[in-house]
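Let's work through some exercises together, one step at a time. Have the sequence and the 3D view ready.

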Amino acid sequence: MIKASKSISPFRLSSLLRNQKDPALALQLFQNPNPDSNPQPQNPFRYSLISYDIIISKLGRAKMFDQMEQILGQMKQDTHLSPPEIIFCNVMSYYGRARLPDRALHLFDEMPSFGCQRTIKSFNSLLEALFKCGKIEKMRQVLEGIEDYGTPDACTYNILIKACCEGEELDDARNVFDEMRSKGVEPTDVTLATLIYKLCSVDRVKEALELKEECERVHGVLANAFVYASLMKGLCGIGEMTLAFELKDEMVRKNILLDAEVYSTLISALFMAGRRGEVSGLLKEMSEYGCKPNTVTYNAMIHGYCKEKDFEAAYGVLDEMVKKGCRPNAISYNVIIDALCKEGKWSEANLFFQDLPRRGCHPDVLSYRMLFSGLCDCGQFNEAAFVLDEMIFKSYAPHYARTHKLVEGLCEEGNMELLGTVLSSLEKANVLDGDTWRVIISTLRKEKPSDVFELIDTLTIQ
């Protein structure tokens with residue numbers, strides 16, 4: 001007699017679900033935990049809240065929302081369970097990331113039917129989801145009923161401050177911050193980081209420094225590495241290099257870990273200030289603190305060398321990146337392509353572009369646009385037409401201004417055959433606009449009126 005396999009318990013199911021990486025397989029397991037057994041209808045499998053939480057999280061992260069909502073409906077019918085608020089908070093977060101504000105609102109409204117009381121925590125989750133979806137007006141409407149769910153806390157105010165900053169309403173963000181303190185709600189490191197980042201991005205650096213000091217002195221909120229990086233970037237942007245380096249020294253005194261972002265900001269600033277010779281000292285300091293340069297650090301150096309037109313040094317940084325195991329990204333190469341083109345070194349830029357696959361990098365749309373623009377600006381229309389054809393083949397759209405320059409140049413050269421090919425390619429890519437035709441007609445009328453008929457014949461043949 002064959003022995004029946006042992007049934008999976010609710011506890012065991014939770015463990016199996018947690019270990020299953022594939023959300024679709026996890027869903028199958030959840031729906032049929034004991035496929036070999038033949039349970040009586042009156043003894044259905046009793047799922048635990050942990051199992052529901054795990055499968056809902058897996059489906060939500062995978063954006064399998066229809067399946068997730070099916071499980072939520074099943075959980076609602078499971079009357080022996082009282083789902084905790086955190087499950088619904090997580091689901092609203094998934095909806096926010098997926099830009100599904102209506103589903104988040106519906107779930108929030110449905111929470112009481114699950115036997116779950118809504119508090120300021122789930123209200124904040126809804127507010128955050130609406131913010132991520134860009135539904136600022138809906139946030140305002142929802143806020144009118146906040147008293148029904150509790151008192152606004154630091155999380156509530158942080159979301160509102162982020163929304164104001166995102167909407168370029170920095171003064172409103174400061175007003176929210178003032179209200180937060182007047183209501184006795186202590187700001188957090190998130191509050192400080194959000195406000196300082198935005199203040200520095202609009203060159204209100206002095207105000208940002210005052211806010212940092214105030215938060216440390218009055219509220220005991222200490223600046224973290226992100227705050228320092230924002231301040232240093234802001235200071236460097238307004239030419240206050242000395243103050244930026246003083247903040248770096250302050251980080252060292254306070255035992256705050258200096259990361260690659262901080263050093264990258266300072267390296268960029270040194271190049272901008274023409275103090276290239278001090279970069280090696282910063283790199284040595286990074287090594288002494290055990291901070292490895294990352295792609296952003298190396299890209300800052302490449303950009304700095306390209307600004308100084310020292311392309312050999314820029315190539316050297318690429319080689320060093322590979323040697324140190326830090327893979328260059330598209331930005332690393334695009335900075336060089338753009339700089340070479342602007343310097344009129346179109347042939348070198350073209351050769352470098354063609355060499356990218358060998359270097360393990362596939363050109364992106366910016367790579368093509370930069371090279372195409374550079375070739376047009378240098379009057380290399382034959383080469384530009386070839387790059388344009390390759391762009392369109394890859395479904396990369398060129399900038400209209402540069403296609404106009406290309407067709408204008410071909411018209412002036414009287415190269416009707418190549419112009420016809422270019423126009424045919426632009427038409428296939430659906431980027432041939434009326435302005436392009438106006439450029440052609442205007443140029444041909446001025447330069448070579450007889451070529452209008454040759455162009456018409458060429459397009460007719462094609």
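Predicted model: local features only at pLDDT ≥ 70, side-chain atom pairs only at ≥ 80, totals over all residues.

Residues are numbered from 1 along each chain as its sequence is written, and side-chain values use heavy atoms, with hydrogens and water left out.

**Exercise 1.** Describe the largest pocket and its lining.

*Solution.* 
Step 1: Start with the term. On a 1 Å grid over the protein atoms alone, a pocket is an open set of points where a 1.4 Å probe fits, with protein on both sides within 12 Å along at least five of seven lines; lining residues have an atom within 4 Å of a point.
Step 2: Look up the volume, which is the space filled by probe spheres set on the points. For the largest pocket this is about 650 Å³.
Step 3: Go to the lining. It has 27 residues, and Lys233, Ser264, Thr265, Ser268 and Val296 lie nearest the centre.
Step 4: Find the elements that give two or more residues to this lining: α11 (189-201), α13 (225-237), α15 (260-272), α17 (295-307) and α19 (330-342). Helices here are DSSP runs (H or I, at least four residues), numbered from the N terminus.

**Exercise 2.** Work out what glutamate 128 and lysine 162 do together.

*Solution.* 
Step 1: Their side chains meet in a salt bridge, at 3.3 Å from N to O. The term asks for a side-chain nitrogen of Lys or Arg within 4 Å of a carboxyl oxygen of Asp or Glu.
Step 2: Glutamate 128 is in helix α7 (residues 120-132) and lysine 162 in helix α9 (residues 154-166), 34 residues apart.
Step 3: Check accessibility (buried is under 20% relative accessible area, exposed over 50%, partly exposed in between; 1.4 Å probe, protein chains only). Glutamate 128 is buried at 18%, while lysine 162 is partly exposed at 25%.

**Exercise 3.** Which parts does the salt bridge between glutamate 207 and arginine 174 tie together?

*Solution.* 
Step 1: The closest N and O atoms of glutamate 207 and arginine 174 are 2.8 Å apart.
Step 2: Glutamate 207 lies in helix α12 (residues 205-219) and arginine 174 in helix α10 (residues 170-182), so the pair ties together parts 33 residues apart in sequence.
Step 3: Glutamate 207 is partly exposed, at 23%, whereas arginine 174 is buried, at 16%.
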